[in-house]
Amino acid sequence: MKRLFGKNGPLVNFTIIVILIFVQTLRAQNKVDYILKDSLQPYILVLGIAQDAGYPQIGCQRSCCIDSWRQACTQTWVSSIAVVDPAVNKWWLIDATPDLKQQLHEFNKLTEGKFPYLPDMIFLTHAHTGHYIGLLQFGREAMNTKDLIIVAMPRMLELLKTQAPWSQLTLLKNIDLRNMTLTKKYTLSDRVSILPLEVPHRDEFSETVGFKVTCGAKNYLFIPDIDKWNKWEMNVVEEVKKIDFAFLDGTFYDESELAFRKIGEVPHPTVRETMALFAAEPDSVKNKIHFIHLNHTNPLIWSDERKEEIEKKGYHTAIQGKLY
């Protein structure tokens, strides 16, 4: 051993042991994901965690984005989740983002092509650009789909029916529009259901909803956009206590990060505000929270140090490509 490693043999041996432990940990994690994908248990797959314009954001040459322009592997897609039930070989998509093309491809790759390429239905949260303009990919110029079911609130449906270019999708029957009703639970399979919850937001063109999703024994809350938690008729702390995973609006970390724009024009609960709301709760409640819909200025999308900081406090940043 001494001839092989010289006088630093013990140090080298220790390094090798650490590497082997790390590799085994990765293998164990991959095995967990593989078992989950190959089991018949329903789950949620996160397909994006960024705010409507993605990360890096168009035109941004500041420090928050400059490295990401150089490293494609750090670029992040717009917030969206897939709801998956292997038992019936179906899946459902929440929101049709500008990154839809990449997200459909990634879903197909991550699930090893075991599901139909297109979701059984798409549920829309609202009419801000990052949440529905991906529908154009289903038009005649692209996939030219046939009667793909889109479920949305009444004002959202009216926009899609009457305003070009969306109206052509319905005219050519690329999409089949279905009305969403608040407080109505949509049963998607024996073990999967989705319940729309209206939330206060800048509703210039449509209503805004979040969703409570049930996958077997697990319950999820998905609210990527809301003005402020105290404007919601429901108590977010109590709602999080009832579920297993909460994907919550984390657009901005705090109000200081948008110095070049008026943050009041785009109201969202900051990550700091949300953490303050849950400060008195036990870790068992805080651990349910996974921040999503992160703006390019939010350090949670580019700073490992800041991610570790909130992890120590019991919270999480949602991870693109992860099964929950």
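Is phenylalanine 115 buried or exposed? Select it: phenylalanine 115 is buried, at a relative accessible area of 10% (buried means under 20% relative accessible area, exposed over 50%, partly exposed in between, with a 1.4 Å probe and protein chains only).

This is a predicted model, in which local features need pLDDT of at least 70 and side-chain atom pairs count only at pLDDT 80 or more, whereas totals for chains, interfaces and linings use all residues. Residues are numbered from 1 along each chain as its sequence is written, and side-chain values use heavy atoms, leaving out hydrogens and water.

Colour next by pLDDT, the predictor's confidence in each residue, from 0 to 100. The average for the protein is 89, and 88% of the residues score at least 70. Over residues 1-6, the pLDDT is below 50.

Now display the aromatic rings. The whole structure holds ten aromatic pairs (rings of Phe, Tyr and Trp, the last by its six-membered ring, with centres within 6.5 Å; planes under 30 degrees apart are stacked, over 60 edge-to-face, the rest tilted). Phenylalanine 107 and phenylalanine 115 form a tilted pair, because their planes stand at 50°, with ring centres 6.0 Å apart. Move to phenylalanine 247 and tyrosine 324, an edge-to-face pair with 5.1 Å between centres and 90° between planes. Both phenylalanine 247 and tyrosine 324 are buried.

Technical notes. Contact = heavy atoms within 4.5 Å.
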